[in-house]
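These questions and answers are for a reader new to the structure. They look at how its parts meet.

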Amino acid sequence: MDRICVKAWWGEHRQEILLAFMVSLVAFGVMLTCPTIGIDEEKSILAGEGYGPWIPQGRFGIQMFNELFTVNGRYVPFLWDFLAVCVWFFSGLISAFTLLEEDGWKTGRFELFVFLTYYTTLPFVVGEILSFSMFNLQVSLGMAFASLAFAFTARYLKYMEKTEMTKEEKHAAKRELLLSILLLSYGVAVYQAILSLYVTSVVIYCLRKVLKGELAIWKTIIRPACISLISVALYYGLNFVIQTVTGHGANYTESYIGWFEDSSVFHTAFMAVANVARVSFGITIKDVSIYGGFVIMASTLMFIAWSVYVFVRAKEKGARIRLLFLTVALVISPFVMFILMGTYKTHGRMLLALPLAGAMEIYFVLETLKVRNFFRYAAVGLAGYLIFLNVRNMNTLYYYDAVRYHKDQVTANAVMHDISALGYDYRAKPIVFVGAYEMDTSGFFDSSDNVGIDGSMFGWNGGHIARIRELLVTEGYMTLQPEPYEIVKALDYTKDMAPWPKPGSIVETEGSIIVYFSEPSEDWYNVNGVSR
């Protein structure tokens with residue numbers, strides 16, 4: 001990216017960029033002003049020495065960041081969240097400059113505003129991944145690195161399109177290639193799903209070229225594909241060495257890879273591809289919805305209408321087949337990790353390229369409708385409405401999460417008050433929580449996968465004792481973790497106990513304090529390492 005071009009672009013578009021940034025901050029208003037502790041954050045916020053779950057998960061990029069900028073991997077409330085939003089927005093800026101402007105394309109002010117705000121405010125993806133404060137800043141940095149990787153790739157591709165290069169240009173091309181590989185490798189080392197952002201950027205870049213009449217795109221596809229393969233190979237090599245040296249190797253992919261879970265590989269492949277349609281059209285299946293799915297559905301329908309329009313209007317030989325391939329690829333590319341792993345377990349936090357794809361889909365429509373007529377005004381009105389829905393849904397999601405966290409705090413303090421009132425010393429004996437204490441969520445809208453009204457620590461996995469204990473620690477109660485045999489023993493006492501908060505719901509034994517919430521479920525037994 002030429003410094004002069006970037007400076008000129010900033011000078012031309014800084015008003016809409018700053019406005020988009022302000023809208024993005026408003027979208028995260030509740031998140032930034034009402035800090036909460038959600039799933040997995042309870043482990044990190046007061047992490048002791050030796051806390052390091054990232055290397056076993058193959059995310060050594062996060063561990064590298066933590067070693068440099070944190071104490072034992074602890075995140076800092078507000079600061080991490082604020083910086084994560086800023087860096088995520090910056091990654092969108094890089095993508096906007098590379099995909100919309102750098103090759104001589106000119107974009108309108110409103111189109112750029114919509115692109116940047118959609119990219120930063122899609123709650124199903126951005127709201128979910130940034131809710132994990134213990135690594136949201138690191139993931140945002142990984143996104144920025146991947147965006148930069150493609151920016152350097154775009155420059156490399158331009159050098160390679162020349163019939164002849166000077167010695168300086170050959171050196172520059174090698175530099176861009178090396179930077180692309182290193183930056184993408186680090187992005188993948190932070191979060192493997194970041195690879196889809198690079199893939200989606202390649203698809204958009206090729207589609208833009210075809211729309212300009214440049215149909216010779218196969219080398220433009222093959223070269224970034226090789227960069228991706230080299231970067232992933234470099235990541236896997238480094239990951240293998242790091243896990244071998246540290247002795248922290250583990251297979252966390254088993255819960256996601258689904259090729260051998262169903263009756264046949266063909267059924268798995270079909271379901272993985274069908275999941276693209278489910279998310280793209282915001283379809284609810286078995287009471288599991290896509291949070292904010294109307295916006296995703298609307299952007300998909302707008303793009304389908306646009307794709308049909310440009311397909312019909314294409315006259316040049318070979319243009320239609322390329323347009324068909326690339327428009328389908330743009331819809332599918334955010335799901336590349338799902339398809340490769342053969343899974344349809346929909347987690348918004350893994351679809352990191354979906355905001356880029358959706359932003360670009362709306363951008364294509366607005367760019368085409370330049371003439372001020374009914375269709376232009378309708379598209380502008382719809383785009384503005386979709387941005388409003390994203391901002392509304394994001395704040396609603398985090399408000400529900402704040403309600404959930406407040407309820408968890410009240411429950412935690414009430415339980416500990418009852419234990420202390422009975423004269424039991426929780427510092428001397430571990431507390432065994434049997435079953436789950438479910439929060440009344442009637443009247444609330446559906447929430448995302450891990451953030452929102454359904455994320456109570458007291459109900460997660462049917463009642464995860466370790467998570468509940470760690471939540472209590474964040475409230476200032478230095479409780480002890482029970483051993484598996486103590487959990488088994490506690491079950492013998494629950495037959496005559498009433499569910500909390502009724503009298504008789506808390507008892508003390510020789511080795512532990514027992515709090516009975518409900519009849520333990522199968523999930524409770526599994527997550528707490530207890531056999532029936």
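Q: What distance separates the centres of domain 1 and domain 2?
A: The model is a predicted one. Its protein chain is divided into domain 1, residues 17-368, and domain 2, residues 401-528. Taken over C-alpha atoms, the centres of these two domains are separated by 38 Å.

Q: How many residues of domain 1 are in contact with domain 2?
A: Contact here needs heavy atoms within 4.5 Å. On the side of domain 2, 18 residues take part, and they meet residues of domain 1 numbering 20.

Q: Which residues of domain 1 lose the most area to domain 2?
A: Domain 1 and domain 2 bury about 1600 Å² between them. Of this area, 58% is on carbon and sulfur atoms. Three residues together make up 37% of what the domain 1 side buries: Ile37, Ile39 and Glu42.

Q: Which residue meets Glu42 in a salt bridge?
A: Between domain 1 and domain 2 the count is three salt bridges. A salt bridge joins the side chain of Glu42, at 2.8 Å from N to O, to that of Arg467.

Q: Which element gives the largest share of the side of domain 1 that touches domain 2?
A: Five residue pairs are in polar contact between the two domains, both residues at pLDDT 80 or more. On the side of domain 1, the elements giving two or more residues are α3 (41-44) and α7 (123-129). The largest share is three residues, and it comes from α7.

Q: How many nonpolar residues does the side of domain 1 that touches domain 2 have?
A: This side is grouped by class. Six of its residues are polar and five are charged, while the nonpolar ones number nine.

Conventions: Residues numbered from 1 in each chain as written. Predicted model: local features only at pLDDT ≥ 70, side-chain atom pairs only at ≥ 80, totals over all residues. Heavy atoms only, no water. Domains from an automatic or database assignment. Buried area = accessible area lost by both parts, 1.4 Å probe. Salt bridge = Lys/Arg side-chain N within 4 Å of Asp/Glu carboxyl O. Polar contact = N/O pair within 3.5 Å; in protein donor to acceptor, adjacent residues only side chain to side chain. Helix = DSSP H or I, 4+ residues; strand = E, 2+ residues; numbered from the N terminus. Nonpolar A, V, L, I, M, F, W, Y, C, P; charged D, E, K, R; others polar.
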